[in-house]
Amino acid sequence: MTLTVDTLTVWMNKFADKIETNKQYLSDLDTPIGDGDHGFNMDRGMKAVEEKLSTKPSDLTNGLKTIAMALISTVGGASGPLYGTAFLEMAKKSSSTDNIGELLDAALAGIEKRGGAKPGDKTMVDVWSALVPSVKAGNLTKDKIRSAVDATKDMVAKKGRASYLGERSKGHIDPGSESSGYLFETLLETEGLL
Ligand SMILES: Nc1ncnc2c1ncn2[C@@H]1O[C@H](COP(=O)(O)OP(=O)(O)O)[C@@H](O)[C@H]1O
Ligand SMILES: [Mg+2]
């Protein structure tokens with residue numbers, strides 16, 4: 001349950017790989033209910049993160065801050081500032097704890113504050129709010145991640161570009177929820193982290 005510079009780096013490299021593998025799929029999800037750029041935005045951002053982390057950060061706080069800055073300056077769109085805020089809030093929180101559940105709690109609060117979305121609005125908040133409690137309880141599973149992501153399919157978007165479509169946003173998985181699902185999947189795959 002403890003995040004260190006080393007486990008953070010392994011986690012981020014796995015996340016970058018998963019984003020790269022699925023960048024076309026993520027952008028395809030963003031095509032009917034957005035502008036088709038989510039996977040390419042995230043891939044650009046995670047390549048920058050990998051590059052930055054190739055020089056070992058001095059401590060956890062600096063590692064998290066470095067990730068936040070790389071995402072904010074390279075991802076763009078709505079998701080860049082939101083993922084950036086998530087890591088910036090984890091960086092702030094890391095001065096008092098290195099517990100992954102508590103760090104992710106702070107990240108979620110930051111995303112909600114920054115974007116103003118609530119659970120049910122068909123955004124990444126749906127996945128984060130469903131899964132952070134499982135991380136804290138120590139019972140996160142791949143099935144839970146899949147269910148949380150798939151649950152966004154039948155929601156009507158209330159925030160972000162997809163909200164312009166109103167009812168027509170139904171029937172499509174939210175792209176930012178899918179990429180957030182990858183973040184939690186790779187967390188699960190990072191040995192010694194959960
Ligand atoms: N206000 C918001 N709060 C939380 N997440 C949001 C918000 N607006 C958008 N998102 C997330 O961002 C994703 C879209 O990201 P992206 O395509 O990179 O940006 P853009 O919509 O600017 O093209 C959405 O699928 C959704 O999960
Ligand atoms: Mg987009």
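Tutor: We start with the fold and then turn to the ligand.

Tutor: This is a predicted model: local features need pLDDT of at least 70, side-chain atom pairs count only at pLDDT 80 or more, and totals for chains, interfaces and linings use all residues. Residues are numbered from 1 along each chain as written, chains are lettered from A and ligands numbered from 1 in written order, and side-chain values use heavy atoms, without hydrogens and water.

Student: How many helices and strands are in the chain?
Tutor: Nine helices and zero strands. Helices (H or I, at least four residues) and strands (E, at least two) are DSSP runs, numbered from the N terminus.

Student: How compact is the chain?
Tutor: The radius of gyration is 15 Å, close to the 16 Å from the globule rule for 194 residues, so the chain is as compact as a globular protein of that length. That radius is taken over C-alpha atoms, and the rule is 2.2 Å times the number of residues to the power 0.38.

Student: And its span along the principal axes?
Tutor: The C-alpha trace spans about 45 × 30 × 30 Å.

Student: Now the ligand. Which residues are closest to ligand 1?
Tutor: Ala78, Ser79, Gly115, Asp174 and Gly176, out of 20 that surround ligand 1. A residue counts as near if one of its heavy atoms lies within 4 Å.

Student: What is the shell made of, by residue class?
Tutor: Five nonpolar, nine polar and six charged residues. Ala, Val, Leu, Ile, Met, Phe, Trp, Tyr, Cys and Pro count as nonpolar, Asp, Glu, Lys and Arg as charged, and the others, Gly among them, as polar.

Student: Which helix gives the largest share of the shell?
Tutor: H9, with three residues. H3 (38-53), H5 (79-93) and H9 (175-189) each supply at least two.
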